[in-house]
Amino acid sequence: MILTVFLLVLLGLIALGMPIAFALLLSAIAMMFQLDFFDTQILAQNMLSGANSFTLMAVPLFMLAGELMNAGGISRRIVALASTFVGHIQGGLGYVAIFASVLLAALSGSAVADAAALGSLLIPMLREKGYDAGQASGLIAAGGIIAPIIPPSISFIIFGVATNVSITKLFFAGIAPGLMMGLTLVAVWTWVARKHGSIKPSPREPWSKRWKALRESLWALMLPVIIIGGLRGGIFTPTEAAVVAAVYALLVSLFVYREISVRDLAPLFINAASTTAIVMFLVAAAMVSSYMITLADMPQDLIALLEPVLDQPKLLMFALLVLLTLVGTVMDLTPTILILAPVLMPVVTKAGIDPVYFGVMFVMVGCVGLLTPPVGTVLNVVCGVARINMETICRGVWRYVVAYTLLLVLLVIFPELITVPARWMH
């Protein structure tokens, strides 16, 4: 009964258009009344403890690093580097977008930031080459969702906090599937480019220009090396890595590339702070619901419900894959993590599934949800950048959604594709 009350109140309020953070708070209050105890002190304490986390300090710092990278010319230099090396082959600008998506994913950790940065730079160029708006924007959107998978990932940080899974292990486990997502885009774009063989690629750049682009982007390329090397060597934690990323991006933008000045920093800090405030309030509200879900023993009820498939991990993963896909069409990634991850983790543990592997799969499915209407956060961002409607971008992105879904099925059948590289890297 308590599960029914929680779902009815939560989904009903979301359907009415209430912000998810407030819907979570009210659903927690509804569960309190259902359990016949209401205590405002519990609400306050859990909201405070939810936001009062050393690990979550990484969120505003990675947000700030992303803002600094976009404004400081780091993103533009990554695109220029990719363009000089692969822009001359058939469909070259598409490969530039994919290559830049993977590189930027290792810098920002935010799908929305990467999609917006790449969209503003590459969509006009793709359209000028002759690709229609749907194909250009669909590729950019599909490339943007690699960012939450390749470290540093804000989504992995939130998942780790919500489920008490090692964030460092999640970071390393995300590298291989993130690269697989990039290869998946390459395969699909190759097929698209062949259909448009009449579009002439750019001329091959001389090696002098390639070396110049490489030298100019070297400072940007060093950031993921520093972060991954520091984590693997035990030099700093993920939270401290966020400090390193923010300070590094600030110094490079101010003193190396010199594309921003001290006067330009205030708007960047404000943007990072406002985005962080939304995320942190959502985390705080979710912690109240998480407390009530645990108090009501909901995970054990779910384990009992799924008892017939607990001894078949792959079948259970397929079932959870379908569930998360359906949820992802109507809910953004962060609230999906905060609501479902704490509930599903005891089920996954009981079935003997590696929690790190499940975390990577959970975030990957949620990322695909960013490409599906009606919510589709990344779709909406790219639509705004490209100034097109939702129908146009859906025509261009559907093939990438199908390809990503097939990749997820492959990873369910062969979980070693994630777990083995993760153990080796860590």
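**Exercise 1.** Which backbone oxygen lies 3.4 Å from a polar atom of the side chain of R258? Describe the surroundings of R258 as well.

*Solution.* The model is a predicted one, in which local features need pLDDT of at least 70 and side-chain atom pairs count only at pLDDT 80 or more, while totals for chains, interfaces and linings use all residues. Residues are numbered from 1 along each chain as its sequence is written, and side-chain values use heavy atoms, with hydrogens and water left out.

Step 1. The oxygen belongs to F255. A polar contact is a pair of N or O atoms within 3.5 Å; within protein, one must be able to donate a hydrogen and the other to accept it, and residues adjacent in sequence count only if both atoms are side-chain atoms.

Step 2. R258 is located in the loop between α12 (238-256) and α13 (265-295). Helices (H or I, at least four residues) are DSSP runs numbered from the N terminus.

Step 3. The relative accessible area of R258 is 66%, so R258 is exposed. Exposed means over 50% relative accessible area, and buried under 20% (1.4 Å probe, protein chains only).

Step 4. When neighbours within four places in sequence are left aside, R258 is in contact with V252 and S253, where contact means heavy atoms within 4.5 Å. From C-alpha to C-alpha, R258 and G72 are 7.3 Å apart in space, although 186 residues apart in sequence.

**Exercise 2.** Determine whether S137 is buried or exposed, and identify its partners.

*Solution.* Step 1. S137 belongs to helix α8 (residues 133-144). Its relative accessibility is 0%, and therefore S137 counts as buried.

Step 2. The side chain of S137 reaches the backbone oxygen of G134 at 3.4 Å.

Step 3. Beyond its neighbours within four places in sequence, S137 has contacts that include I123, V382 and I393.

**Exercise 3.** State how many aromatic pairs the whole structure holds, and characterise the pair of Y131 and W189.

*Solution.* Step 1. The search finds seven aromatic pairs. Rings of Phe, Tyr and Trp (its six-membered ring) pair if their centres lie within 6.5 Å; planes under 30 degrees apart count as stacked, over 60 as edge-to-face and the rest as tilted.

Step 2. The ring centres of Y131 and W189 are 5.1 Å apart and the planes stand at 50°, so this pair is tilted.

Step 3. Because Y131 lies in the loop between α7 (111-129) and α8, and W189 in helix α10 (residues 167-195), the pair ties together parts 58 residues apart in sequence. Both Y131 and W189 are buried.

Key: Helices (H or I, at least four residues) and strands (E, at least two) are DSSP runs, numbered from the N terminus.
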